[in-house]
Amino acid sequence: MGEGRPAWKRLLLPGSRGSPRGRQGGGAGAQRFLLRLYVHAWLWAASGSSAQVFNLSLSVDEGLPPDTLVGDIRAGLPATQQQQEGGGFFLSEDSDDSPLLDDFQVHPDTGIIRTARRLDRERCDHYSFVAATLLGAVVQVEIRVNDVNDHSPRFPLDSLQLNVSELSPPGTAFRLPGARDPDAGLFSIQGYTLVQPSNLPEDPAGPFFQLRYGAPGSPPSPPSSSTLEPLDVVLLRRLDREAVAAHELQIEAWDGGRPRRTGRLRVELRVLDENDNPPVFEESEYRAAVREDARPGTEVCRVRATDRDLGPNGHVRYSIRSRQAPGAAGGGGTLGDAAYFVVEELSGVVRVQRPLDREAQAWHQLVVEARDGGAEPEVATVRVSIAVLDVNDNRPAIHLLFLTEGGAARVFEGARVGDYVARVSVSDAEGDPEKDEEAAGELSGGLGVGSVSLTLEGGEGAFVLRSGGSPGVFLLCVEGPLDRESRDLYDLRLVATDAGSPPLSTEETLLLRVADLNDQPPLFSQEHYWASVSEAAAPGTAVLRVSASDADEPGTDHARLRYALLPLPALCNPEAPRPPAECRPAFSIDPESGVISTAQSLDREAQEAIELRVVAHDLGEPPLSATCLVSIAVDDVNDNEPVFLKQVYNATLPEHTAVGHCFLQVSASGLWIKGRPGKGWRSCE
């Protein structure tokens, strides 16, 4: 058996059917104790002699049900000794902390080994013990727990988000955390797969990503968690955030079981924007016309360019290229075309910068640049051709008279269709429209009289121009419903155009405000508020604040709110000499802030919950209101002393009464709370 003597820590003796930890009773227990001493002394002596040692190796799969047969200790003995041995076995574990007798049942008489519970290889994969016979033979038993595929691969995270620049070159790798599988060998992780979603159509250009795992150039070896790392997602082709802003991948780790187990990791790759798109103009060339008497600041046209990038990369600013040949249109002027116009940097509106002269130059050609805000900005250009129109000497005049209340440029949101807003008249020094008896037809969607037509622009159908019955007189009327809460200002433009060649027009901008009516009731932020306050709170203690809003015009009486508590219920009579506690106002509310405070001392024993109804009303005429419910719970404090039911107790006690005899019972109680008594104490039961 080798040098030294083994440490026999635990013993299982023949004839013991249970655990060695079981109890022995009576005389049999004493005999068993003496037998143990004898056997222990025998084993100690045999360990120093030349006893025969045999080895027995057994194996069992993990996860099998309890009482599964593992093997027979006698199988480790030679055939001749198997027939001789009939006295059973003496067993010993290797150490005190060995789980052998917790996980296996070893029959000391027959040597049959069975499982005591389901085994877990990941907890313990190997057991060993020594069995000795009465004839001195020793069997070293080794039990190996075979692995089964009872664990699935698992990633440390269920999902992962990565940010990827859309300028990342193909071949860029993004590191992912590897999965882990407690199983061993073939049942551990064998590889990874990039799972394509079944609901996405196949891209004819091929996938964007592929998986790469394991160190390149490593010698072939059985797969394991270490040999399958690092795990990378490799970019195969260029990304385009403007086409796809995010890619979702499913990474699947799989083992070698049959059927194999898998685990997945969801990876979201967000494509970060780069300045890879230049601005694009909506038109390949812009053409516009402007009268020669247009004042500086007059809008000529608007150019518009868009950039598909995000943030500063997509913000477009406009400018006019200043390096242009003077008199590009053949006008012979000393100033270049860019000197007569300016473009607004943000809006792209081209405006007149200095007076024009058609006789000197009838055409102007500009090159407008659109530049984005990237670190290395992208630039696009477009040609703008502007024709200068000749005008006659006199422009039409527009006269406006408001027919609304107070003569102001406003109309109430409750105005009906057909109500008058303003009287508009047009005149032209070239002719007196009042003397022209012929009514002119509509021109370009406007109403005409004599040689002057009037059109209305803006309003989105809420207003319309109608004939006023006299030449050159028009009425601005309500055409559709008005709602100040949806739109409180209309930008209208009246355009009067004469019949000159080219025609001369006059524009009048009308900012028409929609006046508010009290048509929006207040609205509480909650229909039901809940709060609690201690019954020891002093009067004036703030409990909670209710809040309501009004969609009417801010700053007006229609939107100013006042708060109040609704009157007490009809069952309460506040004018009674001593109204009950429930009827006295326990709370007050600040009419402006909506803060509810205690108005008097509270007594939970009298009333433990209070419901208030708060009304919020505006200051309009007539006022509109809304209500909400407030439930306040009164928190209890220890403010009541126990009270004996009697002030004096009398009792008679016989002189020979036994010790411990209960001869008197007293009790005390607190105040009653809505039919429930307070806590009591008794001297004896």
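Modeller: On a 1 Å grid over the protein atoms alone, a pocket is an open set of points where a 1.4 Å probe fits, with protein on both sides within 12 Å along at least five of seven lines; lining residues have an atom within 4 Å of a point. The model is predicted, so local features need pLDDT of at least 70 and side-chain atom pairs pLDDT 80 or more, while totals for chains, interfaces and linings use all residues. Residues are numbered from 1 along each chain as its sequence is written, and side-chain values use heavy atoms, without hydrogens and water.

Biologist: How much space lies in the largest pocket?

Modeller: Grid points are joined across faces, edges and corners, and a volume is the space filled by probe spheres set on the points. For the largest pocket this comes to about 650 Å³.

Biologist: Which residues lie closest to the centre of the largest pocket?

Modeller: The elements that give two or more residues to the lining are β16 (285-291), β17 (299-302), β31 (489-498) and β32 (505-515), where strands are DSSP runs of E, at least two residues, numbered from the N terminus. Of the 20 lining residues, those closest to the centre are Arg-291, Ala-294, Thr-298, Glu-299 and Glu-507.

Biologist: What is the angle between the planes of Phe-463 and Tyr-490?

Modeller: Rings of Phe, Tyr and Trp (its six-membered ring) pair if their centres lie within 6.5 Å; planes under 30 degrees apart count as stacked, over 60 as edge-to-face and the rest as tilted. The Phe-463 and Tyr-490 rings are 5.2 Å apart, centre to centre, and count as edge-to-face, with an angle of 85°.

Biologist: How far apart in sequence are the parts that this pair ties together?

Modeller: Phe-463 is buried at 5% relative accessible area and Tyr-490 at 7%, buried meaning under 20% (1.4 Å probe, protein chains only). Phe-463 lies in strand β29 (residues 463-467) and Tyr-490 in strand β31, so the parts are separated by 27 residues.

Biologist: Which side chain makes a polar contact with that of Glu-252?

Modeller: Glu-252 is in strand β13 (residues 246-255) and is buried, with a relative accessible area of 11%. A polar contact is a pair of N or O atoms within 3.5 Å; within protein, one must be able to donate a hydrogen and the other to accept it, and residues adjacent in sequence count only if both atoms are side-chain atoms. At 3.2 Å, the partner of Glu-252 is Arg-264.

Note on methods: Helix = DSSP H or I, 4+ residues; strand = E, 2+ residues; numbered from the N terminus. Buried < 20%, exposed > 50% of the residue type's maximum accessible area, 1.4 Å probe, protein only.
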